[in-house]
Amino acid sequence: MLAGKTALVTGSTSGIGLGIAKALARQGANIVLNGFGDAEGPKAEVAALGVKVGYHGADMSKPSEIEAMMAHAAQTFGRVDILVNNAGIQHVARVEDFPVDRWDAVIAINLTSAFHTSRLALPAMRAANWGRIINVASVHGLVGSAEKSAYVAAKHGIVGLTKVTALETATTGVTCNAICPGWVLTPLVQKQVDAKAAALGLSNEEATKRLLGEKEPSMQFTTPEELGELAVFFCSAAGNNVRGVAWNMDGAWAAQ
Ligand code: NAD
């Protein structure tokens with residue numbers, strides 16, 4: 001379905017980003033990976049699906065590196081047809097204790113980076129009259145949780161950016177939508193399970209149950225594979241007129 005298209009997925013050396021990259025690769029899209037840590041393992045996993053794979057290690061908190069990544073992707077593959085803004089970090093503290101540098105980093109990586117990649121990807125998408133921008137927001141783009149001020153502000157912001165991008169492209173073949181996962185068991189969330197286990201003296205299993213029980217009625221994690229399939233749907237012809245939605249896959253978290 002996506003043969004000949006190129007998808008750039010930020011923060012795709014791990015977790016949800018890698019899951020989405022692999023789902024798009026299974027549909028035939030060439031992939032540009034981005035993120036920290038080992039890139040060779042994720043590159044091999046994507047290449048095994050029979051598509052071309054590139055990598056750029058841009059730091060999503062640095063606009064000049066984002067510009068270099070977008071230029072590299074365009075030079076290597078011709079154009080970015082599908083942009084998945086996924087890179088994200090978390091920091092947990094009350095507003096009055098929130099370290100200023102952590103606030104700035106969360107907003108830069110979880111929100112501002114998507115503005116930069118989108119502004120740089122849109123001209124070629126408009127010229128081709130086809131494109132997909134998929135913003136990985138969160139259920140925290142729809143509701144709040146205590147001690148996550150920067151994250152919730154950034155995720156509400158990216159839902160807003162999604163709506164405006166969808167409006168500005170509404171008469172074109174370019175769409176922009178957001179995905180809003182509840183808990184997904186990735187390294188980002190395992191850190192929160194570990195913190196709970198340490199603070200309350202619980203086993204990993206008990207802390208996991210407690211984490212789910214506080215927020216997610218299904219008591220079940222969403223998987224990167226399921227989120228990947230939602231991204232595939234947004235890229236399909238059936239998604240041609242799906243514009244500006246923030247679609248949750250959250251085990252009924254936001255239904256409460
Ligand atoms: P993860 O920690 O497994 O992966 C994050 C990815 O982002 C990694 O590849 C990491 O290298 C990359 N990254 C981090 N900082 C970066 C930077 N400055 N520049 C470039 N890359 C950077 O996390 P995840 O859980 O897969 O999260 C992915 C996205 O999904 C995030 O936007 C997160 O907010 C969102 N999300 C996660 C959950 C969850 O429960 N895990 C729920 C809702 C939304």
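**Helix packing and salt bridges in a predicted model**

**View 1. Helices H6 and H7 are roughly perpendicular to each other (angles of 65 to 115 degrees).** The model is predicted, with local features requiring pLDDT of at least 70, side-chain atom pairs counting only at pLDDT 80 or more, and totals for chains, interfaces and linings using all residues. Residues are numbered from 1 along each chain as its sequence is written, and side-chain values use heavy atoms, without hydrogens or water. The axes of H6 (residues 187-200) and H7 (residues 204-215) cross at roughly 110° and come within 9 Å; axes are lines fitted to C-alpha atoms over the stretch in contact, with angles from 0 to 180 degrees between N-to-C directions. Helices are DSSP runs (H or I, at least four residues) numbered from the N terminus.

**View 2. Residues at the contact of H6 with H7.** Contact (heavy atoms within 4.5 Å) involves, among others, Val-189, Val-193 and Leu-200 of H6 and Ala-207 and Leu-211 of H7.

**View 3. A salt bridge joins Glu-214 and Lys-196.** The N to O distance is 3.0 Å; a salt bridge is a side-chain nitrogen of Lys or Arg within 4 Å of a carboxyl oxygen of Asp or Glu. Glu-214 lies in H7 and Lys-196 in H6, so the pair ties together parts 18 residues apart in sequence. Glu-214 is partly exposed at 45% relative accessibility, whereas Lys-196 is buried at 17% (buried, under 20%; exposed, over 50%; partly exposed, in between; 1.4 Å probe, protein chains only).

**View 4. Arg-79 and Asp-81 form a salt bridge.** Their N to O distance is 2.8 Å. Arg-79 is partly exposed at 33% relative accessibility, and Asp-81 is buried at 5%.

Notes
Helix = DSSP H or I, 4+ residues; strand = E, 2+ residues; numbered from the N terminus. Parallel < 35°, antiparallel > 145°, perpendicular 65-115°, else oblique.
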